[in-house]
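Welcome! Have the sequence and the 3D view ready, and work through these exercises one step at a time.

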Amino acid sequence: MRTSIAARSANTLAMVDRIRDVGMTWAFEYDLYFAKKWREIALRGGLIAGNECMKFFKKPDLMESTRSYLRNFARQAAASVGPNALVLDAGAGDSPYRVFFSHATYEAADHCKRPERPYTHVSYVCDLTSIPVQSNRYDLVLCTQVLEHVPRPQETLMELSRVLKPGGKLWISAPFFYEEHEVPHDFFRYTQFAWRHMMGQAGLTIDRLEWVGGYFGALAYQLDMAWHFLPMRPRHYGGGFIGAAACALTFAARPIMFALAFVYSRLDRRHKYTDAGHGLDYCVVATKLDRAGSA
Ligand SMILES: C[S@@+](CC[C@H](N)C(=O)[O-])C[C@H]1O[C@@H](n2cnc3c(N)ncnc32)[C@H](O)[C@@H]1O
């Protein structure tokens, strides 16, 4: 049977249609495949980059220059003693400064109340108001960022003074302007006048009393807090037009606060500005007086 020209061309057109359909389906599937792949790659890349960014911005030292100043303080304490020195790190926690004292004999005391910490390195598990060692034992006592956590700070200082040799040095620091932390075990903040008073009561004379970082560090800390915690709802600003405007202003200012926090924390490391403002922490070096009252 002979097929007409019209029927043949209809068949050809149907075949072309089928080929185009199959081709388009393949192309579509390939497209989909690659789109999926690219999305996967982009997602993975984004996740990795995001994670790295988070790690970078979560670095404890990034916005807080205090830590580098405290490390320096502990390093100086270590450099001030010779190889035969006996040193106590009072409220040592994880003993972050032990490495600086490798040339001396280092002991650590802590009440080890946080079950998540290993505390295997702690020589004396005790309260700092009652350290189980004889009097006049240590050449140097280091006590960083602990005194705000003790409910009886004056008694603690007396005890640290007791375990020091006459002429021995106490290197101590504590926050002055810092959020509540390790709650509920956060009791006090100390002004320079409190330090002077308490040291005198404990039979210690102050050689050095200073801010741990400069004002730029304190400002960086506040800016960092602000960009984290400033609220983003109009009702948090009292609502209404002013609430909405305040909210918009905060929204616009947040990235600036973040950038400034970063910049000022860097500037604080570069130069410790102490002419005005206030510091985050105080650090004190004091000497134990002998019975006659001389250092
Ligand atoms: C903020 S951490 C500081 C740790 C370390 N000195 C530092 O600078 O990283 C405070 C430490 O003091 C310890 N601590 C607080 N109160 C104490 C007390 N009454 N007796 C003994 N240790 C105490 C805590 O267990 C914690 O390890």
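**Exercise 1.** How do the residues of the shell around the ligand divide into nonpolar, polar and charged?

*Solution.* Before counting, note that this is a predicted model: local features need pLDDT of at least 70, side-chain atom pairs count only at pLDDT 80 or more, and totals for chains, interfaces and linings use all residues. Residues are numbered from 1 along each chain as its sequence is written.

Step 1: 15 residues surround the ligand (C-beta atom, placed from the backbone, within 6 Å of it). The closest are Gly91, Gly93, His111, Thr144 and His149.

Step 2: sort them by class. Ala, Val, Leu, Ile, Met, Phe, Trp, Tyr, Cys and Pro count as nonpolar, Asp, Glu, Lys and Arg as charged, and the others, Gly among them, as polar. The shell holds five nonpolar, six polar and four charged residues.

**Exercise 2.** Is Thr120 buried or exposed?

*Solution.* Step 1: find Thr120 in the loop between strand E2 (105–110) and strand E3 (124–125); strands are DSSP runs (E) of at least two residues, and helices (H or I) of at least four, numbered from the N terminus.

Step 2: Thr120 is exposed because it has 6 C-beta neighbours inside 10 Å (exposed: 12 or fewer; buried: 20 or more; partly exposed in between).

**Exercise 3.** At what angle do helix H4 and helix H5 pack?

*Solution.* Step 1: H4 (residues 153–163) and H5 (residues 192–201) pack at about 50°, their axes 9 Å apart.

Step 2: therefore H4 is oblique to H5 (under 35 degrees is roughly parallel, over 145 roughly antiparallel, 65 to 115 roughly perpendicular, the rest oblique).

Note on methods: Axes are lines fitted to C-alpha atoms, for helices over the stretch in contact, and angles run from 0 to 180 degrees between N-to-C directions.
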